[in-house]
Amino acid sequence: MRCGLQYRYQSGSALPPSRPVQMWFGEFIHGVMETAYRTWLTSHPPFPWPCTPTPYNTSPDPSRAANDIGIIGDLVETTLDAAGKSPRSKSLRESAYERAERAVNEIGPELFPLIRSAEERVIGTRSLTMPHGTRARAQMYELHGIMDVLSSMTVSATTNNMICNAVRAAVPQLPVGAEIIVDYKGSRRPALDDEYWTQGDWQLQMYAWLRSRQPGAAPIVAGVLLYINELAPSGISQLQREVNQGRTDVRPVSGSPDDYQLRTWRPGAAAPAFSAAFRMQRAIRIVPITQPSIDAAVSAFDNVVVNIESCVAHEAQHGTIIAHWPAGGDDATCDACDFRHFCPSPASARTTQNYQPPAPSAP
């Protein structure tokens, strides 16, 4: 959905990106949170956990505690490196560790005691209905997903917990025996009119549909999206615009220290020291899940697959790639794309002659 042409080259031609920065960042956060949860489950070390990352391109310190986020990060980095994914810069790696530390120490105490099943793998298939006259490669397609699962009973009974409070506020009558699913996003909270806001909703709805296809699954009543970058926020000018234009659902209380810091912040200054409560509010998003909302998301997802198969069919019929896959990436997607130099429809920033894309960074 970000860029059909980039998808074709990377997926259809098996050409992996040479600078998978966003992919590395997201998978690093997921890996740290999963490993941290399993460490907590084994020995329940008290929070906050230390974070002493191995310095860039040096040997690890063997004297660190087992729950040191630096040790956890070493394991995750080694796994990603074996798959050809690396941070490619010291500053990006430091940013990832800063956000991972806050995720473990600020979200971990709220989330870990609630998890009933971590990294639950789900799978399902759907029928594929193509437009008249267009043939697909198959009659069905398969979906996979990985999520954490919470119990509604635990959420209902837990007090003084920001995640539980947010779920109960969004779904006041939590059915007994129902489930809540959780996913992490290595990004900031999108604006309400941003396509990523809608797509995040669809993703949770699809996870709920997948979960419902598993034997013995309980009904899903809500999903939790955790925007990790909000714990160590950047893009403050973007947040200022969204608050001023009424395009975000979480803003500082008028007259509060958070509100003052946001209003008086100017480009070039250090990021405001927002309160932990405000940062957590920005990080937690609750998506109510109902059968109509699942049906709408599933239909939207079917349309994406139909579009892919239509592009495949047209390419096979005419023998050309560029003419039959839409190139619609935004600036950030295009800057990190290996195919930008011969793209027929680049982002607006590349209309300048001899444009040199900046080094990619985490979203």
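1. In this predicted model, the second largest cavity is lined by Arg-188, Asn-229, Glu-230, Pro-233, Ser-234, Gly-235, Ile-236, Leu-239 and Arg-282. Its volume is about 50 Å³. By class, the lining divides into three nonpolar, three polar and three charged residues.

2. Arg-188, one of those lining residues, also forms a salt bridge with Glu-242, at 3.0 Å from N to O. Glu-242 lies in helix H8 (residues 236–244) and Arg-188 in the loop between strand E3 (179–185) and helix H7 (195–212), so the pair ties together parts that are 54 residues apart in sequence. Glu-242 counts as buried because its relative accessibility is 2%, under the 20% cut-off. Arg-188 is buried as well, with a relative accessible area of 17%.

3. The largest cavity has a volume of about 90 Å³. Its lining consists of 13 residues, and Cys-3, Gln-6, Cys-337, Phe-339 and Cys-343 lie nearest the centre. Helix H1 (4–12) and helix H12 (331–335) each supply at least two residues of this lining; H1 gives the most, with three. Eight of the lining residues are nonpolar, three polar and two charged.

4. How many salt bridges does the structure hold? There are 16. One of them joins the side chains of Arg-279 and Glu-106 at 2.8 Å, N to O. This pair links helix H10 (residues 276–283), which holds Arg-279, with helix H4 (residues 90–111), which holds Glu-106; the two residues are 173 residues apart.

5. Asp-302 and Arg-126 also meet in a salt bridge (2.8 Å, N to O). Asp-302 is in helix H11 (residues 291–318) and Arg-126 in strand E1 (residues 115–127), so parts 176 residues apart in sequence are tied together. Both Asp-302 and Arg-126 are buried.

Conventions
Residues numbered from 1 in each chain as written. Predicted model: local features only at pLDDT ≥ 70, side-chain atom pairs only at ≥ 80, totals over all residues. Heavy atoms only, no water. 1 Å grid on protein atoms, 1.4 Å probe; cavity = no way out; pocket = protein on both sides within 12 Å on 5 of 7 lines; lining within 4 Å. Points joined across faces, edges and corners; volume = space filled by probe spheres on them. Helix = DSSP H or I, 4+ residues; strand = E, 2+ residues; numbered from the N terminus. Nonpolar A, V, L, I, M, F, W, Y, C, P; charged D, E, K, R; others polar. Salt bridge = Lys/Arg side-chain N within 4 Å of Asp/Glu carboxyl O. Buried < 20%, exposed > 50% of the residue type's maximum accessible area, 1.4 Å probe, protein only.
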